[in-house]
Amino acid sequence: MLTQQQLDFFDRQGYLVVENVFDQQRIIEPLKAEYSDLIDDLYADWLAEGRVTKDPKDLDFFGKLLEAYMAGCDWFQPMDISLPGDRIQLDTPMHFGPAVFNMIRDSNLLDIVEQLIGPEITSNPIQHVRIKPPARDLYQDEIRAHITSTDWHQDRGVALEEADETEMVTV
Ligand SMILES: [Fe+2]
């Protein structure tokens with residue numbers, strides 16, 4: 001439960017930091033395992049195509065991600081939880097596995113959202129998962145927002161006009 005002080009802060013500042021929302025064993029560990037399996041599958045395909053060469057046994061999760069980045073392989077869309085806003089093809093990949101689904105419907109999370117916008121909650125397709133290689137390893141001129149740090153922004157700006165009167169919160 002949020003305190004009145006936290007609710008007042010949100011009303012005044014437009015954001016709120018709430019720590020330790022997700023249970024480590026129930027939500028976080030299954031998420032890590034799911035994305036670990038996913039990058040393993042993606043990496044195996046890139047390896048078979050000759051696009052990456054390092055043995056995956058010598059690489060951890062972020063090592064594989066970095067190899068993909070250096071080789072110009074796209075991991076972002078296959079690991080994202082939504083399709084792109086345009087240019088969707090029959091084979092455009094995305095990932096929405098059970099661990100991700102459990103995260104976005106987690107009761108700890110939704111109880112907080114309910115306190116902010118009320119009990120009628122839907123998820124909109126502006127949602128993303130943006131898994132990034134370590135910033136120190138990126139090319140100096142890297143500017144793509146889904147790879148380097150994402151600037152502070154409001155998602156209302158990319159919602160349709162019909163959503164203007166909708167209470168919306170990004171979590
Ligand atoms: Fe956003």
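User: Is Asn 20 buried or exposed?

Analyst: This is a predicted model, in which local features need pLDDT of at least 70, side-chain atom pairs count only at pLDDT 80 or more, and totals for chains, interfaces and linings use all residues. Residues are numbered from 1 along each chain as its sequence is written. A residue is buried if 20 or more other C-beta atoms, placed from the backbone, lie within 10 Å of its own, exposed if 12 or fewer, and partly exposed in between. Asn 20 has 7 other C-beta atoms within 10 Å, so this residue is exposed.

User: Where is Asn 20 placed?

Analyst: Helices (H or I, at least four residues) are DSSP runs, numbered from the N terminus. Asn 20 is not a glycine, yet its phi is positive, about 55°. Its place is in the loop between helix 1 (4-13) and helix 2.

User: Which residues make up the largest nonpolar core?

Analyst: A nonpolar core is a set of buried Ala, Val, Leu, Ile, Met, Phe, Trp, Tyr and Cys residues joined through C-beta atoms within 7 Å. The largest one has nine residues in all: Ile 39, Leu 42, Tyr 43, Val 52, Leu 65, Ala 68, Tyr 69, Trp 75 and Met 79.

User: Which helices each supply at least two residues of this core?

Analyst: The chain has six helices and zero strands. Those that each supply at least two residues of the core are helix 2 (24-48) and helix 3 (61-71).
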